[in-house]
Amino acid sequence: MGQTIIEKILARASGRATVAPGDYLEVTTSCPTVMAPHSAMDKGAGLITEWNAKIYDPTKVMLVDGHLGATASHGAAEKRKALREWAATVGVPEENMWDLGRSGIENMVAVEQVWALPGECYFQGVNGHISTAGALGSFASALSFGTAAYLLRGVNWVKVPQTIKLVVTGEPRADCTPRDVSEYVLGQLGPSGAVGAILEWTGPYIDALDMEGRFAICSQALFTGAWTAIMNPDDTTMRWVGERIDTSGLEPQTSDQDADFAAVLHFDVDGLTPRIVPPPQRHEIHDLKDYLGIKINRGFIGSDANGWLRDMNHAARVLKGNTIAHHVILNITPGTPRVLKGAVASGAFTTFLESECVVPTPNEGMEWGANTPLTDGDVCIASAQTNYPGRMGGKTSQIFLANPAVVAASCIAGEIVDPYEYFEGK
Amino acid sequence: MRGNAWKFSGILDVDWEICSYLLVRQLADKGPVTEEMLGEHCLVNVDPDFPKKVRKGDFVVAGPNMGYGHDHDHASMALKGAGVAAVLCENSAPYFLRNSIDHGLPVIELPGIMAAVDTGDDLEVDLRAGKVVNHSRPGHELTFTPLPDFLLDVLDAGGIYPMLKPRYEGSAGR
């Protein structure tokens, strides 16, 4: 019997020849651990200094502000200061500080810097959407409240998960993004369709996709109940990696043909139209056409689902030559400085300004109400990750989730519309 | 452990049904957030009176994908703060399970639990033996594979940090 990519990575990380689903392992990695100022001190970091305790390797800690950005709220100044003081005490080198101007969404910085290595485990202190890094062929997981425990021990435990193989074929409509494919598959699986499992994304659709699109798809794994997502590294993967780091010494892994998958599920996304997720349930995925005409007054394009350069250009295609409705604020937040620079080079950034959008510094930003927050009664169309009540502020505000083309077209119209006219025949 | 069951159906998102994330953020703006503070708001979006009705040592019984959504650990704190002794569920979102154990709250994945238990039932749970006895339904007993010893040790210590403290305190020699 062959092994899945996840089983091979976990076997290597635990020093075993083979592992099987259900095995409990102690695993290590050479990858660094990202922590973020908005949450680090709540995840046990404060205990390390309080106990006068030593962490396993201070040079392996990266401090990335992916959530506070330039906000004045959310205790930003105090949290930033507290983490810097903590870092100085435990010995994290100054060059490991990724603060404003250099930082972006933690998961996106981690894959741009290739801190998550193909063939290894990658443990991040914050953010379950770190499944993003599975697109590099890493077993990527958040440590959450266990972050400080990992920093003390340098060892993490895993229960080897089952792998569900997804085979995706077909070509979605031009106004879709990879996010729509991910939402469609979530809708088919249901919120409990993959609990605790690994989603292994494969098939011709994935093979043809660029890395940004692959990261976006992997970012949403937890909404199916899956632990994380992974893809088998190919030439596209290794080109992204090789452009950024020295690849000698890497040992990328791939699944064997005869590996033991818990299920192999096929999805044909040919001609798929944009998806929409109405509030308040994250797992109720609908066709956009069922929600046309709903009045909106706020828009957001960003997050690790749609804050990539391909998303900026996707939105610009709709916005070019148009301005958004006067009663609407459209916040477009590039995920990282690389994305912002790319949007400047492609002309998308100028289009956003001409369309009268607001472009904050790269970060999660509006995703969790850290800038242009919502208040009671606001209705937002957003390419964010989540839509539960109060996510962006305002207990009775509403968040509809959709791709950047839908957001942009809806902000022009002042109501939810189908963006296909901007793509048809062009 | 012995207590009464509180059964909840449907998807329970850590950030809404179990404990509103907006509320956590608002509390955090005022100072440190404790388990007791969050316990007063535990599951109120499903049953507004739950924090008043639940007694220390009771159990929450839930369906599949308990603790759906983000890896936010405040939901585990809220349940613990409300006095919940353990969560028994069909299965659990992996981050909710890990965060709960690290906070010292047992989460037991036990297919069939929803059919075997009603709200108000008198349950006895043995984590090491892997056994749930429903005293309200005589003869009704469910078994499960116990967590491995190293995780039971975390639960016995009351969480990962109480367990690690004696081992690591003073190790930096600063």
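A nonpolar core here is a set of buried Ala, Val, Leu, Ile, Met, Phe, Trp, Tyr and Cys residues joined through C-beta atoms within 7 Å; buried means that 20 or more other C-beta atoms, placed from the backbone, lie within 10 Å of a residue's own. You're looking at a predicted model, where local features need pLDDT of at least 70 and side-chain atom pairs count only at pLDDT 80 or more, while totals for chains, interfaces and linings use all residues. Residues are numbered from 1 along each chain as its sequence is written, and chains are lettered from A in the order in which they are written.

Start with Ala116(A) and Val87(B): they have the most contacts inside the largest nonpolar core, which has 195 residues. Next, pick helix α14 (404-413) of chain A (a DSSP run of H or I, at least four residues). The largest share of that core, seven residues, comes from this helix.

Back to Val87(B). Beyond its neighbours within four places in sequence, Val87(B) is in contact (C-beta atoms within 7 Å) with residues including Val60(B), Met66(B) and Leu105(B).

Now show both chains: 30 residues of chain A are in contact with 35 of chain B. Chain A's side has 15 nonpolar, 11 polar and four charged residues.

Last stop, the open sheet in chain A: its four strands (DSSP E runs, at least two residues) are ordered β10-β9-β8-β11 and pair in parallel, a pair needing at least two bridges. β10 (228-230) and β11 (263-268) of chain A are at the edges with a single partner strand each, so one side of each has no neighbour in the sheet. Zoom in on β8 (163-169) of chain A, joined to β11(A) by six bridges; there, Val167(A) stands opposite His266(A).

Note on methods. Contact = placed C-beta atoms within 7 Å. Nonpolar A, V, L, I, M, F, W, Y, C, P; charged D, E, K, R; others polar. Buried ≥ 20, exposed ≤ 12 C-beta atoms within 10 Å, placed from the backbone.
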